[in-house]
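The report after it goes from a sheet to a helix, and then to a ligand.

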Amino acid sequence: MKNIPSVDLSGQYLSIAAELEAAVKEVLASGRYIGGPLVSEFEAQFAAYLGATECVACNSGTDALYLALRALQIGPSDEVITTPFTFIATAEAISAVGATPVFVDIDPQTFNLDLEQLSGAVTGQTRAIIPVHLFGQPVDMTRLMAIANSHGLAVIEDCAQATGGEWAGQKLGTIGLVGCFSFYPTKNLAACGDAGAVITRDRAIASTVWQLRDHGRRQGYEHEHTGINSRLDAIQAAILKIKLKYLDTWNEQRRQIASRYHLLLQTLPDIIRPQEYEGGLTVWNQYTIRVTSQAKNSPISQRDWVRSQLRQHGVSTMVYYPLPLHLQPVYKHLGYQPGQLPVAEQACREVLSLPMFPELDSQQQAIMVDRLLDLYCEGSLCP
Ligand SMILES: *Cc1c(COP(=O)(O)O)cnc(C)c1O
């Protein structure tokens, strides 16, 4: 059997290669490489897709978060509540503006912020909450917005892994005050390089982000803020414009792959499958299971054993994420202790993200799960 990668970006490229190459050639010939009409067109189309009014494209999802925080004037002595179970960029952006990330434990079922614990983390310094729709699974935004509003906090949605996902019929990123998107190559809507966007319904925020992404420039060489260089390349905008047309189809393919996994994996012992929760549309940037049992007399965890066995059988998997943010070396000074956010810490020991990309075919999937079943039976873990 052919090896199965955890993600394969070449299939998607090949399926629309002619279209992409023609668009890139056009940009090359145009001599206009940064910003310009293609970027504005993509911004307008992405805003329309989401049902949003304002979109400002930028250079990455990380910059989108940073620019959003800057536009909200969040900085030193401010606290921002977020999840410890996410990619570092979420908290890094908070630190980059000089504010302090405050980590709240996660819900074991969704891997997202535990909304029960949110209010308890609010202090006089709290300015905002950054929920992350992790792995494409939406946070319950109805409840989150009610909590945020009751404390007068801004909500910045980290939609890096959830482009096209919905909560209560609304696109993620349009429910909070600001939505931040990444178009990193492995995300649901992917550039062929780094790219991101900020979405908001607030014109003033959009206009500040618009200035900040280009050296705080108001016009010409008149600079109103200390900004950064986070402009989007025209080549990436041209590629994103094309790929946006296919996003819903690709997300639907991810949903089909997830439901196939759900069926195939149901007989496996000690594996908890992710589930789509009522009220949301999950877009499965990752399909992440939990391997719960502890291997007997083994120095490695059952999850690590399953992972290495799958690797030996040609199946690549990923661990998103092996270390929660509150225990990262970079956040040592915040003083969190092991055991303090136990659900996130347990998730880090148990999660395993299976291959997930729209082009993954069902046969490969079935073979892969057979492998898993064999492994479990060899290891006499079968029921
Ligand atoms: C990818 C990612 C980011 C950062 O996006 P980049 O475009 O890589 O900078 C932020 N948050 C989450 C949850 C992500 O997965």
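Two strands pair if DSSP finds at least two bridges between them. Helices (H or I, at least four residues) and strands (E, at least two) are DSSP runs, numbered from the N terminus. This is a predicted model, in which local features need pLDDT of at least 70 and side-chain atom pairs count only at pLDDT 80 or more, while totals for chains, interfaces and linings use all residues. Residues are numbered from 1 along each chain as its sequence is written, and side-chain values use heavy atoms, with hydrogens and water left out.

**The sheet.** Three strands form an open sheet in the order S7-S6-S13, with antiparallel pairing. Strands S7 (170-171) and S13 (280-281) stand at the edges with a single partner strand each, so one side of each has no neighbour in the sheet. S6 (residues 166-167) is joined to S7 by two bridges. Trp167 has Gln170 in S7 as its bridge partner. Strands of a sheet pair through backbone hydrogen bonds, either parallel or antiparallel.

**Helix H4.** Is this helix mostly covered or mostly uncovered? H4 (residues 61-71) is mostly covered, with nine of its eleven residues buried. Buried means under 20% relative accessible area, exposed over 50%, and partly exposed in between (1.4 Å probe, protein chains only). Among the buried residues are Gly61, Leu65 and Leu69. Ser60 caps the N-terminal end: a side-chain oxygen of Ser60 lies 3.4 Å from the backbone nitrogen of Thr62. After H4 comes Gln73, with a positive phi near 55°.

**The ligand.** Which residues are closest to the ligand? Of the 15 residues that surround the ligand, the closest are Gly61, Thr62, Asp158, Ser182 and Lys187. A residue is near a molecule if one of its heavy atoms lies within 4 Å of it. H4 and helix H5 (88-96) each supply at least two residues of this shell. The table lists polar contacts, where a pair of N or O atoms lies within 3.5 Å.

| Side chain | Ligand atom | Distance |
|---|---|---|
| Asp158 | nitrogen | 2.8 Å |
| Ser182 | oxygen | 2.6 Å |
| Lys187 | oxygen | 3.0 Å |

Taken alone, the ligand exposes 380 Å², and the protein buries 93% of that. These areas come from the Shrake-Rupley method with a 1.4 Å probe.

**A buried strand residue.** Ile129 is found in strand S4 (residues 126-130). Ile129 counts as buried because its relative accessibility is 0%. Ile129 and Val102 are 27 residues apart in sequence and 9.2 Å apart in space, C-alpha to C-alpha.

Conventions. A polar contact is a pair of N or O atoms within 3.5 Å; within protein, one must be able to donate a hydrogen and the other to accept it, and residues adjacent in sequence count only if both atoms are side-chain atoms.
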